[in-house]
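Open the structure in your viewer and get ready to select residues by number.

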Amino acid sequence: MPTTLITTPTFARHSARPWQILEESGAGPLRPCADGPLPTAELFAHAPEADALIVGMDPVTAEVLAAAPRLKVIAKHGVGVDTIDVGAAHARGIPVVCAPGSNSRAVAEYSFGLLLSATRSLTASHTAVAAGGWPKLFGPELHGKTLGIVGFGRIGRLLAGYAHAFGMRVLAHDPYVPGDDVRAHGAEPAGLDDLLARADAVSLHTPPDPSGTPLLDGARLAAMRPGAILVNAARGGLVDENALAHLLRSGHLGAAALDAFSTEPLPAGHPLREAPRTLLTSHMAACTPEANQAMGVMVAEDVVRVLAGEAPHHQAR
């Protein structure tokens with residue numbers, strides 16, 4: 001009987017249906033999800049027993065694959081597969097599946113919420129009032145401002161719609177999306193450097209470079225408009241976090257609202273923990289009951305398909 005090793009703590013948290021799909025197929029879980037990703041040593045200890053692997057942010061390296069001789073499918077409980085060595089998996093004949101579109105609305109809504117909160121200092125006001133203060137914190141209106149969206153897939157397009165509802169102009173950078181498609185969603189195509197120079201706020205919705213080089217390094221962050229706001233609900237590797245903290249302390253950037261970091265959880269002494277005008281959240285943009293159910297069902301169904309000798313519906317390339 002096949003076994004499925006589940007390492008993500010949020011699998012099927014808001015719906016029993018993903019569990020049922022696995023159990024009905026006979027691909028019962030080897031390990032129920034706990035409070036966090038498996039430690040590396042435990043992952044290696046369980047890998048030899050797994051026919052299927054369902055992961056969250058756990059790194060699935062070539063070494064992990066080598067320790068899992070029975071493995072037939074890897075499923076990302078989410079969208080981005082940058083934490084999985086897809087090439088090594090394919091070299092071993094192991095398909096990698098994910099749940100495209102399952103959390104798009106959740107992440108787009110959350111990203112706009114980060115922008116609103118950072119612009120009007122909502123979290124700072126709450127903290128002050130809860131401590132007995134009563135500050136009057138000023139922040140600009142979004143109407144008439146320009147939002148730059150880096151990555152114009154499902155999430156970026158939804159975010160553009162929310163921005164339009166607030167009367168914002170939208171610039172979009174995505175080298176893989178034709179300009180006519182960008183314009184069809186009410187945005188202006190722009191090169192990355194042009195977007196950074198013109199936008200009052202920038203929101204990131206693109207995978208990181210496989211090399212690990214930040215898309216927004218110190219030079220590009222410094223080239224953003226004075227007072228601009230940065231939102232990142234994608235991946236921490238997209239931003240040079242030390243440079244970002246410096247530019248917040250210097251006052252060049254107006255604020256940063258971040259849900260993803262190069263190291264998670266955010267370690268003690270990290271410069272962003274002490275940087276001014278920051279809003280830091282715990283990589284939870286996709287955490288809605290609706291998205292959780294959708295991604296769980298999608299990956300569970302594809303795991304069952306592959307274990308039954310069928311082609312998956314949502315294979316990552």
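Select Asp180 to start: this residue is exposed, at 60% relative accessible area (exposed means over 50%, buried under 20% and partly exposed in between, with a 1.4 Å probe and protein chains only). Helices (H or I, at least four residues) and strands (E, at least two) are DSSP runs, numbered from the N terminus.

A word on what you are viewing: this is a predicted model, where local features need pLDDT of at least 70 and side-chain atom pairs count only at pLDDT 80 or more, while totals for chains, interfaces and linings use all residues. Residues are numbered from 1 along each chain as its sequence is written, and side-chain values use heavy atoms, leaving out hydrogens and water.

Next, pick Arg305 and Asp302, a salt bridge at 2.7 Å between the closest N and O atoms. Here both partners are buried.

Now go to Asp51 and Lys72, whose side chains meet in a salt bridge (3.0 Å, N to O). Asp51 lies in the loop between helix H2 and strand S3, and Lys72 in the loop between helix H3 and strand S4, so the pair ties together parts 21 residues apart in sequence. Asp51 is buried at 5% relative accessibility, whereas Lys72 is partly exposed at 39%.

Note on methods. Salt bridge = Lys/Arg side-chain N within 4 Å of Asp/Glu carboxyl O.
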